Amino acid sequence: MVGMSRTDTAPARRDDDSSHGFFGQPRALANIFGVEMWERFSFYGMQGILLIYLYYSAERGGLGIDQATATGVVGAYGGAVYLSTILGAWLADRLFGSERVLFWSAVVIMAGHISLAVIPGVAGVLVGLLFVALGSGGLKANATRIVGTLYSEKDPRRDAGFSLFYLGINLGAFFGPLLTGLLQSTLGFHWGFALAAVGMAIGLIQYSLGRKRLPDQARQVPHPLERSRYPLMIGIGVAGLAVIVVLVLTGLINASNLALWVIGVTIVAAIAYFAVMLTSKLLNADERSRLFAFIPLFITNAAFWTLYQQQFTVVTIYSDKRLNRDLFGWEFPVSWVQSINPIFIIVLSGVFAAIWTKWGEKQPSTPIKFAAGTVLMGLAFFLFLFWAGGGENSTPLLAMIGILFVFTVAELLISPPGLSVTTKLAPRSFQAQMVALYFLSVALGTAMAGQLGKLFTSVPEGVYFSIIGGLAIAIGVLLALVSPWVLRLMRGVR
């Protein structure tokens, strides 16, 4: 969602104002709604079966990688997706424009899922995840930006349009794990990956048919790179790729430490972003103060996503080993657990929006929302303690549904307010970079989720859930205690 703060103010075209549009919205919204829905279908569908594909034995169709390494790989991949949003936003801002980057990102995503489907063994995983991570970052960075170009700033349909767009995301996230998991459990993993590729292909085709309806603003390059700097940028890209290749070939980067590398790169990138902005002469006193206020929010957000993204690591393993998945005598696929959260998001998003609207100025400040969301995530991990360490099928499905309900409430307390406050605190000269910083905190948390998943496989479950949950609660409580100080630094932003 990089670029949300750079909303174009050109008026919507006349034909988009007709009653024959997409639920009263611009016709072009259906195009972006569709490509994002199918991208999320393929993304979450593949991710729902990825971890078990890595650690299931060859007899069960998997690669037989040990669980600790497998969780690290999944976490590193998830972190790389959010890291690559920075590249996707830069390519759109400086070279190609959002519309073109989105189109080719979808092509790269489809190629990644095809690689997972047809290339056997570890090679397919490496090629497939690399393509999907790069493509997802590019699409994620630009889809929301393009939606913003469909409306003028004062268009009353804007909020409803973004709500429809968000609905598309969660519809894809709901159906993806259900259908890919069903194919995986009946025909095999590669059929599940193939379905993810088909989903992305459908999204790409429908997007291609409607590209001409998108406004010209979606194709514009906001800050074109000077041609004299092309050789420098190409040189930096080639040098960076060469360094990665050397590190891989020498064994310094391998499957077991991949998550640590992503964590390290993310931390360095975040520090660099903060340093460049805080030392910039373009900032006034209020902007610099607000940037300092973002630091504790960044840390808390990373802690939250460290727990939340364990849906794809620890929760997947737990669902495979402990959850009673019997459904009227039929054991449903592990990946179906990943479809529980999107249902709650679809149902509760409107509820939270109504609550915040009704409370108005009386609603809790952003630091308190962050603190509450992080504490709630910690409490969700404590709920696992009632069933931790049990045998096979010892955790009832209703218990997992209840735990994931708490996950969702925590997410709605911290994720939408997080994106909102990021744009509010952003210095005028660094608005896109602030959104990139937000995604770096998500990248850090996602990679940490993979690294901690490795720990989950080697310590008693009760100990793991207690420590991780307790740390999250401690971070949330600490933020709540210092929230008056953070609010003062925010200089009028709540």
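The accessible surface of the protein amounts to about 20800 Å², and carbon and sulfur atoms account for 69% of this area. The structure described here is a predicted model. Of the 494 residues in the protein, 54% are buried.

With regard to overall architecture, the secondary structure of the protein consists of 15 helices and two strands. The protein is as compact as a globular protein of its length, because its radius of gyration, 22 Å, is close to the 23 Å that the globule rule gives for 494 residues. Taken along the principal axes, the box filled by the C-alpha atoms of the protein has dimensions of roughly 60 × 55 × 50 Å. Contacts within the protein were also examined by their separation in sequence: among those between residues at least 6 apart, 82% join residues at least 24 apart.

Glu39 is located in helix α1, which spans residues 27–55. The relative accessible area of Glu39 is 1%, and since a residue counts as buried under 20%, Glu39 is classed as buried. When residues up to four places away in sequence are not counted, Glu39 touches Ile109, Ser136, Leu139 and Met200.

Key. Residues numbered from 1 in each chain as written. Predicted model: local features only at pLDDT ≥ 70, side-chain atom pairs only at ≥ 80, totals over all residues. Heavy atoms only, no water. Helix = DSSP H or I, 4+ residues; strand = E, 2+ residues; numbered from the N terminus. Rg over C-alpha atoms; globule rule 2.2 N^0.38 Å. Buried < 20%, exposed > 50% of the residue type's maximum accessible area, 1.4 Å probe, protein only. Contact = heavy atoms within 4.5 Å. Areas by Shrake-Rupley, 256 points an atom, 1.4 Å probe, with all protein chains shown as cover.
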